[in-house]
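I opened this notebook to keep track of what I looked up, one topic at a time. Each entry begins with what I wanted to know and ends with what I found.

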Amino acid sequence: MTYYEILGVSKEATEKEIKSAYRKLAKQYHPDVVKEDPEKTNRMYQIQEAYEVLGEEEKRKQYDESLLKQERKNNFQKNQKGNRKKQEQTRGMDLNKGTAFEQFFGFQAGKGMETYQQKGSEKKKQTGPISPEDLFASFFGKK
């Protein structure tokens, strides 16, 4: 909650409007009026803090600058989240076709030759160690 919201004034409020809002709230939340209500006492502390900043021109300028920086940061983060969400939605549009890379090259990156082998291939993968003769033959051809 911003100091402007605490005092119930707009960012364009004049010093007179800020002072008037503070006085009105101070009467409503004064410790003599609220007695020992901790929530209302805490509210009075917030009101005083807001008035201390917004009531002085230099402090108000600094506060406004910090609000602007925070707003820009929040907007940037919001845009980043929105961009990530759009990318995820775009990626997930047609899972059957695969990613653009897979569609272009015809295989999945990182899968190697597994992608090119037919599913019902008669040739079964060998399990266990490979003999040196078979390894040599796979690189240079059979004798």
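**Entry 1: the chain as a whole**

I began with burial and noted that, of the 143 residues of the chain, 16% count as buried, where buried means under 20% relative accessible area, exposed means over 50%, and partly exposed is in between, with a 1.4 Å probe and protein chains only. I wrote down at once that this is a predicted model, in which local features need pLDDT of at least 70 and side-chain atom pairs count only at pLDDT 80 or more, while totals for chains, interfaces and linings use all residues. I also noted that residues are numbered from 1 along each chain as its sequence is written, and that side-chain values use heavy atoms, with hydrogens and water left out.

Next I looked up the secondary structure, which comes to 7 helices and 0 strands; here helices (H or I, at least four residues) and strands (E, at least two) are DSSP runs, numbered from the N terminus. I then checked contacts, meaning heavy atoms within 4.5 Å, and found that among those between residues at least 6 apart in sequence, 45% join residues at least 24 apart.

**Entry 2: the nonpolar core**

Which residues have the most contacts inside the largest nonpolar core? I found that this core has 19 residues, and that Tyr3, Leu7, Val9, Ile47, Leu54 and Tyr63 are the ones with the most contacts inside it. A nonpolar core is a set of buried Ala, Val, Leu, Ile, Met, Phe, Trp, Tyr and Cys residues joined through side-chain atoms within 4.5 Å. The elements that give two or more residues to this core are α1 (3-7), α2 (15-29), α4 (38-54) and α5 (57-91), and α2 gives the most, with 6 residues.

Leaving aside its neighbours within four places in sequence, I found Leu54 in contact with Tyr3, Tyr4, Leu7, Ile18, Arg60 and Tyr63. I also noted that Leu54 and Lys19 are 35 residues apart in sequence and 9.1 Å apart in space, C-alpha to C-alpha.

**Entry 3: the two sides of α2**

I checked the length of α2 and found agreement: at 1.5 Å a residue its 15 residues should span 21 Å, and its end C-alpha atoms are 21 Å apart, the expected span being 1.5 Å times one less than the number of residues.

Where do the buried residues of α2 fall when seen down its axis? I listed Ile18, Ala21, Tyr22, Leu25, Ala26 and Tyr29 as buried in α2. Seen down the axis, the buried residues of α2 fall within an arc of 135°, so they line one face of the helix; the arc is that of the directions from the helix axis to the C-beta atoms. On the other side of α2, I found Lys16, Arg23, Lys24 and Lys27 exposed.

**Entry 4: charged pairs**

How many salt bridges does the structure hold? I found 3, a salt bridge being a side-chain nitrogen of Lys or Arg within 4 Å of a carboxyl oxygen of Asp or Glu.

In one of them, Glu71 pairs with Lys11, with the closest N and O atoms 3.8 Å apart. Glu71 lies in helix α5 and Lys11 in the loop between α1 and α2, so this pair ties together parts that are 60 residues apart in sequence. I noted Glu71 as partly exposed at 40% relative accessibility, and Lys11 as partly exposed at 45%.

Lys61 forms a salt bridge with Glu57, the closest N and O atoms being 3.8 Å apart. These two are 4 residues apart in helix α5, and are therefore separated by about one helical turn. Glu56 forms a salt bridge with Lys59, where the closest N and O atoms are 3.6 Å apart.

**Entry 5: a charge without a partner**

I looked up Arg60, which lies in helix α5, and found that Arg60 is buried yet has no salt bridge, the nearest side chain of opposite charge, Asp64, being 4.1 Å away. For this, Lys and Arg count as positive and Asp and Glu as negative, while His and the chain ends are not counted. Not counting residues up to four places away in sequence, Arg60 touches Tyr4, Lys11, Glu12, Ala13, Thr14, Ile18, Val53 and Leu54.
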